[in-house]
Amino acid sequence: MPPFIMAARIIDIASDRDAAIAQACARLGEGLPVAIPTETVYGLAADATNPAAVTRIYETKGRPRFNPLICHMSDLAMAERYARFDPISRRLAEAFWPGPLTLVLPLLPDSGIHALSTAGLDTVGVRVPKGFSAELIAAFDRPLAAPSANTSGKISPTSAQHVAADLGDKLTLILDGGQASVGVESTIIRVEGERVRLLRPGGVAAEDIEALLGCLLERQEGAAPAIEAPGMMASHYAPAAAVRLEATSAAGGEALIRFGGMPVSGFDEAVAVFDLSPSGNLQEAAANLFDMLKRADATGAASIAVASIPVHGLGEAINDRLLRAAAPREG
Ligand code: TXA
Ligand code: MG
């Protein structure tokens with residue numbers, strides 16, 4: 001007998017926002033994960049207080065369970081019902097929420113967030129997303145645990161079509177909010193006393209946080225400690241093709257990703273050429289990054305050559321993701 005293939009229903013939130021929220025709340029209430037648009041990447045969301053629901057996230061993604069999930073809240077007031085804010089974290093929340101910033105905070109006792117969401121840690125990664133997903137959380141009135149809506153280790157999705165292609169046969173509902181505007185995951189910060197640590201560069205530029213606080217962030221040295229940001233495992237965002245960074249030329253048969261219209265020798269030999277931002281805008285480059293990596297991979301080229309990308313602003317997150325895409329595969 002052929003296997004039963006489930007196909008996810010896709011609802012366009014622009015054409016029916018109320019139906020999207022009602023359908024999503026119904027599925028979430030049943031303990032099913034739902035793919036939702038956020039400004040960073042699409043998330044695979046489930047009720048963070050329901051262990052069966054959170055288990056389904058791990059199963060759907062094939063994600064190791066020692067890797068904690070970010071819990072999404074509708075606003076700062078909701079976040080304060082679950083986590084304890086120190087003054088610096090509160091300042092960051094007030095400045096950057098709603099938006100692409102995750103704060104790692106001590107979990108309040110009896111918060112109701114299940115240990116499967118936090119992988120048993122006494123801290124929780126909290127984020128207030130911008131736009132539709134915050135509205136959905138307010139309607140559901142429970143925190144949503146949501147990693148990126150992709151098979152673990154693969155490139156994160158920035159459109160409903162990306163989610164459908166990867167996980168469409170494992171989900172019942174995908175909400176389509178168009179192309180994600182930021183395009184890279186949230187910046188993860190952990191405040192410990194006077195120290196402010198950058199656990200993952202992301203959609204809020206580290207310089208903007210440093211400017212607000214008037215101090216430098218502590219960067220991770222080398223590979224991040226596994227339990228603190230396991231999303232930072234060496235190989236991640238891996239296309240099928242090999243990825244070659246800092247390319248100054250393209251070899252015949254390679255796909256090429258460049259930036260700012262900069263000339264790359266041999267580009268006419270490439271099977272396909274993408275420019276993350278012809279005008280050299282790093283925000284535009286971040287928004288295009290995962291889609292162009294997927295399209296370059298879809299050419300079937302054995303190797304993707306990527307030109308050098310500036311490291312300031314969102315360039316830090318872009319270079320971080322590219323390094324992981326290029327890292328030796330763990331198999
Ligand atoms: O932009 C984003 O953050 C997206 C969208 C969907 O919101 N979500 C996302 O989730 O990127 P995920 O699961 O792919 O990444 C979660 C990262 C992991 O590296 C995890 O280790 C870290 O957050 N994390 C979560 N809780 C943590 C905690 N209590 N302590 C330290 N790191 C934590
Ligand atoms: Mg991810």
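## A walk through the model

Pro98 sits in the loop that runs between helix H4 and strand S5 (101-106). Those labels come from DSSP runs numbered from the N terminus, where a helix is a run of H or I with at least four residues and a strand is a run of E with at least two. What you're looking at is a predicted model, in which local features need pLDDT of at least 70 and side-chain atom pairs count only at pLDDT 80 or more, while totals for chains, interfaces and linings use all residues. Residues are numbered from 1 along each chain as its sequence is written, and side-chain values use heavy atoms, with hydrogens and water left out.

Back to that proline. The peptide bond from Trp97 to Pro98 is cis, with omega near -10°. Most peptide bonds are trans, and most residues other than glycine have a negative phi. Ala119, in the loop between helix H5 (115-118) and strand S6 (123-127), has a positive phi, near 55°. Glu246 also has a phi near 55°, and you'll find Glu246 in the loop between S12 and strand S13 (255-258). As for Ala119, its relative accessibility is 23%, so it counts as partly exposed; the cut-offs are under 20% relative accessible area for buried, over 50% for exposed, and partly exposed in between, using a 1.4 Å probe and protein chains only.

Now follow H4 (residues 87-96) to where it meets helix H8 (residues 206-213): their axes come within 11 Å and cross at roughly 120°. That makes H4 oblique to H8. Here, axes are lines fitted to C-alpha atoms, for helices over the stretch in contact, and angles run from 0 to 180 degrees between N-to-C directions. Under 35 degrees is roughly parallel, over 145 roughly antiparallel, 65 to 115 roughly perpendicular, and the rest oblique. On the H4 side, the contact (heavy atoms within 4.5 Å) is made by Ile88, Arg91, Leu92, Ala95 and Phe96, and on the H8 side by Asp208, Ile209, Leu212 and Leu213. Sort these residues and you get 7 nonpolar, no polar and 2 charged. For that sorting, Ala, Val, Leu, Ile, Met, Phe, Trp, Tyr, Cys and Pro are nonpolar, Asp, Glu, Lys and Arg are charged, and the others, Gly among them, are polar.

Another helix pair is H9 (residues 282-298) with H10 (residues 315-326), which pack at about 20° with axes 9 Å apart. H9 and H10 are therefore roughly parallel to each other. H9 brings Leu282, Ala285, Ala286, Leu289, Phe290 and Leu293 to the contact, and H10 brings Gly315, Ile318, Arg321 and Leu322.

Leaving aside neighbours within four places in sequence, Thr158 is in contact with residues including Thr40, Tyr42, Gln179, Phe290 and Asp291. Thr158 is buried, with a relative accessible area of 1%.

Finally, look for the open sheet: 4 strands in the order S12-S15-S13-S14, with parallel pairing. Strands S12 (242-244) and S14 (272-275) stand at the edges with a single partner strand each, so one side of each has no neighbour in the sheet. The twist averages 20° from one strand to the next. S12 pairs with S15 (residues 303-306) over 3 bridges, and two strands pair if DSSP finds at least two bridges between them. Along this pairing, Arg244 stands opposite Ala305 in S15.

Definitions and conventions
Chains are lettered from A and ligands numbered from 1 in the order in which they are written.
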